[in-house]
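This report walks through selected backbone and side-chain features of the structure shown below.

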Amino acid sequence: MHEALCHPGKEIIGKWKKKQYQVLKKLGMGGTAEVFLVESKLDNKLYAMKISQDSLSLNREYQLLKKFTGIAFVVNVYEMDDFHEKGNVYHYLLLDYIQGEDLKSYTEKKKLKMLTILGIILILLRGLETFHETGYILGDLKLENIMFDQVKRQIKLIDLGGVVEKGGTVKEYTPAYDRAAWRCGMRKAEESYDLFTLTMVLVRLILGEQINPTRQKKEDIIEKIKKTNGNETLTSLIVDMIKSQKYNRKQFAKKINELYNIEKLSLIKQKEIKTDKLVNKIFKFSFVLLILTSLLLLIINK
Amino acid sequence: MEKNNKAVIREIILVTDGQSNIGGDPVEAARQALRKNITVSTIGIIDQKEQQEKPFEEVINIADAGGGHYEYTYIDNLSQTIHTLSHKTVTSTIQDAVNKQLKELIGNDLNHMPPESRSKVLNYIDKYSDEIPICCCVLMDCSGSMASKIHSARNSILDLLDSFQNRKGKIDLAVVGFPGDQVDTCKVLHHFNDHFSEMERNLYQMKPKGGTPTATAINYAVKLIEEHMHRGNNNNGIMTLEEYVVG
């Protein structure tokens, strides 16, 4: 809808706060909104501007972003305003521009190491804690909404459109990560709903391919995980979490943390073995060199 | 809060994969529905193979006349589309009612309020949309062309039920398939009074065959909703949403 509306170079002036922005390029779209890279005329800084005609969902997101502002895990919001164009009212949020890539496009190019995957899950679990402890559910967690900030070297959540109060209904979801779509439970705003979506994020990262509840069953996914992933402890943890979300957030985090440490340790060991080999080679090489030199000396002396 | 029980969202969600080809004019039927405070929203199912040769205008026209929203989707995404659409219909119906009231009271609608005060109203609408009772009739196209999609369609309705059951407000859901056993008829698959636990079994009565009598189906759904509302509210009459919002 904004194709003609927000071409690069277009100027946007907020109706209420009168701040001016220039559109530089389109960053992406999702649901009812589109996101553009804009430059503020006031401070010449770059921002991401999320534009939508759906004032209700944009307002909800604004309230939540403000509530969770200051948490490193969540993108900062600066203002909410409107502009008119051809008789329509558009609402927008001004957000931090994050230089980087979302996890979905990143993983499409590169397969992540197990250590990185477990690290990401740990960070996400930490992020969930903040939401859960203030009485909210993240809801629509997915790779597309997780950004790698390449400048600050952080993971950022860029969309809070799915956040709902505990006890309510999950309003926005993505089938690939949705508990009800996989027939593993209700679409209810409770902590275990988030733990399920997080487990599916983990599955998606390990498999490195799309998952789709309309074509696959949870049994197919479990089968695939068993084949792809050699780590039995991790596999059985995933199976438990898919089937019944057996563990709560703290237990889940503890288990992932243990797996992370084991993985790290084994990587260090691998490196040590490699260094051992290298030392060995250098030693052998120097030994041969020594003999050769002595031989040479002997010959010369003769 | 007693009033809460009386204001009810009445909506029809029409799911179809083609044009109406039997019976009356579905756009006119949708217009009649809206006159009775029942919104008609539509979902057009696009064939995955044929690259949307032309968007079916009828789907847009019915939703326009019925005061609802429309959406196109592949059968694989039907679950999510029904979910989003039903939620959108509820919030926008409340929003429209609020706007109507604001226009009468202050001569302006929500979009003319500064963001801070608007936020407060929107927060209220958001909360209320989860609490207001809903009376929803899903009209499922069961014509011959749906044969390969009927399984997914059934799952989508079960999925919608999952979402609805987690709402705070009461939910009455009926599912009507069209055509019915005769050419220009439709068939109640799940009645408002049936228990939700029977839904899955009821939906197995969906037998795709025949043409697409859309107008007949809409008229029938209107009748079904009106009867149901009448029964539920006895002689008290139904309070319109506008009355609730201003009160």
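In this predicted model, B:N37 is found in the loop of chain B that runs between α1 (26–35) and β2 (39–46). The phi angle of B:N37 is near 65°, a positive value in a residue other than glycine, and B:N37 counts as partly exposed because its relative accessibility is 43%. Most residues other than glycine have a negative phi, and most peptide bonds are trans. A:R153 belongs to the loop between β9 (146–149) and β10 (154–157) of chain A, and with a relative accessible area of 70% it is exposed. The peptide bond that joins B:F178 and B:P179 is cis, with omega about 0°, and B:P179 lies in the loop between β5 (171–178) and β6 (187–190) of chain B.

**Chain B and its helices**

Chain B contains 8 helices and 6 strands, which follow one another from the N terminus in the order β-α-β-α-β-α-α-β-α-β-β-α-α-α. Of the 247 residues in chain B, 54% are buried.

Helix α3 (residues 78–106) of chain B holds B:A97, which is buried because its relative accessible area is 2%, a value under the 20% cut-off. The C-alpha atom of B:A97 is separated by 32 Å from that of B:L189, a residue 92 positions away along the chain.

**Salt bridges and charge**

Over all chains the count comes to 27 salt bridges, and three of these pairs are set out here.

| Pair | N to O distance |
|---|---|
| A:K41 and A:E11 | 2.8 Å |
| A:D178 and A:R187 | 2.7 Å |
| B:E28 and B:R31 | 2.8 Å |

The salt bridge between A:K41 and A:E11 links distant parts of the chain, with A:K41 in the loop between β3 (33–40) and β4 (46–52) of chain A and A:E11 in strand β1 (residues 11–13), 30 residues apart. A:K41 is partly exposed at a relative accessible area of 39%, and A:E11 is also partly exposed, at 41%. In the pair A:D178 and A:R187, by contrast, both residues are buried.

B:E28 and B:R31 both lie in helix α1 of chain B, 3 residues apart, which is about one turn of the helix. An α-helix has 3.6 residues a turn, so residues three or four places apart point the same way. B:E28 counts as partly exposed at 30% relative accessibility, and B:R31 is partly exposed with a relative accessible area of 36%.

Salt bridges also link A:E133, A:K166, A:E191 and A:R249 in a network. Elsewhere in chain A, a positive surface patch is formed by A:K110, A:K113, A:K271, A:K274, A:K277, A:K281 and A:K284, of which A:K110 lies in the loop between α2 (103–109) and α3 (114–133).

Methods. Residues numbered from 1 in each chain as written. Chains lettered and ligands numbered in written order. Predicted model: local features only at pLDDT ≥ 70, side-chain atom pairs only at ≥ 80, totals over all residues. Heavy atoms only, no water. Helix = DSSP H or I, 4+ residues; strand = E, 2+ residues; numbered from the N terminus. Buried < 20%, exposed > 50% of the residue type's maximum accessible area, 1.4 Å probe, protein only. Patch = residues over 30% accessible without salt bridge, like charges linked within 9 Å, V, L, I, M, F, W, Y side chains within 5 Å. Areas by Shrake-Rupley, 256 points an atom, 1.4 Å probe, with all protein chains shown as cover. Salt bridge = Lys/Arg side-chain N within 4 Å of Asp/Glu carboxyl O. Lys, Arg positive; Asp, Glu negative; His and termini not counted. Charge placed at Lys NZ, Arg CZ, Asp CG, Glu CD.
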